[in-house]
Amino acid sequence: MEAAVHAARIYCSYLANSDKVLTKIDFSNAFNSLRRDAILQASFSRIPEWAPYVHSAYAGSSRLFWGTHILDSCEGVQQGDPLGPLLFCLTVQPLLTLCDCEFKVGFLDDFTLGDHPLKVATELARLEERASDLGLSININKCEVISASSSTDLPVSLKNFKRVVLDQGCLLGSPLSGGVAMDEALNSRIEALQAASTRLRLLQAHDALIILKFSMSLPSLLHILRSAPCSGHPSLPRFDEVLRTSLSAILNVALDDIQWSQASLPVREGGGLGIRSAVHLAPSAFLASANASALLTSAILSTFGSNSPLAILIPDTSSSLQAWKVLGGGDPNSVYTPGVQKAWDSQVVLHARGGLLGNLPDETSQARLLAVRAPHSGDWLHGFPLTVAGLRLSD
């Protein structure tokens with residue numbers, strides 16, 4: 001998913017000086033409409049060693065129970081089947097393979113094509129015809145055309161698509177530019193955190209802390225941090241401030257700057273609560289994603305022409321790299337596993353931890369910080385708040 005977004009952002013950087021467009025295509029009820037004979041044929045040709053299992057699951061109809069009624073399900077992959085997404089992708093992959101656009105990428109049932117509008121319209125007509133043979137139909141209401149200008153002339157077949165200017169374009173939930181799309185994506189996460197914060201206060205404190213840590217805080221933002229260069233955006237400090245306020249309300253502690261600095265450290269490495277700061281994590285997240293997905297990003301862009309090397313990612317990674325260094329990162333060459341987020345983040349954490357220890361006012365406070373950094377001292381933070389086991393802290 002991240003490679004698709006990185007590649008699309010790189011392609012969009014060329015749209016500003018051309019009349020080309022990026023088209024997002026959505027299929028109606030795709031997983032439930034795919035023909036099962038096509039699923040069987042694709043799976044038998046690509047994963048023959050799994051043929052008996054796939055045949056047993058999809059050769060006949062499935063019985064669905066609704067009240068006193070029994071319905072025969074004869075189309076689509078089974079909901080809950082671990083192989084469902086894989087079988088869907090294997091079946092629709094030829095739709096992308098046969099497409100002749102210079103940019104093409106698919107993530108499950110979301111297809112994205114980029115080229116001159118006439119070329120996209122031609123390939124779209126062919127795609128629609130081939131998709132109908134598989135039982136799929138295009139949902140015009142959810143299709144978009146992203147272009148540098150809203151006045152770009154479009155063929156008739158694309159005129160009913162939603163028009164989106166480049167500055168507002170998103171793909172797979174991630175902004176394709178640092179403009180309005182980035183502002184809206186980050187602000188929506190801040191609003192969601194604010195809404196969650198007021199509701200978390202209605203729960204027992206320990207339960208609220210667990211939910212905030214593992215769901216409502218950085219996990220809700222991490223996809224954007226990894227797939228978009230967010231470092232330096234003014235919304236990140238706002239997100240952190242809302243997070244700090246929410247944490248203070250749950251813990252019944254008015255966190256000052258030093259306490260927040262410790263709380264935002266990882267449990268294992270810094271003696272913190274593991275409620276990570278978006279400002280601190282953003283550079284590491286993007287740099288890790290860009291490196292981990294670099295080969296796949298390059299492969300997606302290979303149809304765009306020979307002038308699309310991995311070096312195109314440098315404009316995005318350079319700003320994140322500079323932000324990483326400001327936060328305490330050292331030599332990028334010392335990051336031996338650049339595709340792993342923790343490898344980048346550990347240097348930032350080490351710097352923050354050292355600064356925190358140096359700013360503590362007395363030896364008692366320093367000794368306390370050293371003690372909570374001891375192995376397993378923070379294990380209680382990973383435990384479930386089970387009352388019967390005596391693991392739930394009081395409010």
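Is Cys 170 buried, partly exposed or exposed? In this predicted model, Cys 170 counts as partly exposed because its relative accessibility is 26%. Cys 101 counts as buried, because its relative accessibility is 3%.

**Cysteines**

A disulfide is a covalent bond between the sulfur atoms of two cysteines. The model has zero disulfides. The cut-off is 2.5 Å between cysteine sulfur atoms. Cys 101 is in no disulfide, with the sulfur of Cys 99 3.9 Å away. Cys 170 is in no disulfide either; its nearest cysteine sulfur belongs to Cys 12, at 10 Å.

| Cysteine | Nearest cysteine sulfur | Distance |
|---|---|---|
| Cys 101 | Cys 99 | 3.9 Å |
| Cys 170 | Cys 12 | 10 Å |

**Nonpolar cores**

In soluble globular proteins, nonpolar side chains tend to be buried together. Here the largest nonpolar core has 37 residues. Those with the most contacts inside this core include Ile 25, Phe 27, Leu 87 and Leu 95. Phe 111, Leu 136 and Leu 158 belong to that group too.

Which elements give two or more residues to this core? They are the strands β1 (21-26) and β5 (110-115), with the helices α3 (36-46), α4 (51-58), α5 (84-97) and α6 (117-133). α5 gives the most, with six residues.

Phe 27 shows the packing residue by residue. Leaving aside neighbours within four places in sequence, Phe 27 is in contact with Leu 95, Phe 111, Ala 131, Leu 136 and Ile 138, among others. Its contacts also include Asp 109, Ser 137 and Asn 139.

Note on methods: Residues numbered from 1 in each chain as written. Predicted model: local features only at pLDDT ≥ 70, side-chain atom pairs only at ≥ 80, totals over all residues. Heavy atoms only, no water. Buried < 20%, exposed > 50% of the residue type's maximum accessible area, 1.4 Å probe, protein only. Core = buried A, V, L, I, M, F, W, Y, C linked by side-chain atoms within 4.5 Å. Helix = DSSP H or I, 4+ residues; strand = E, 2+ residues; numbered from the N terminus. Contact = heavy atoms within 4.5 Å.
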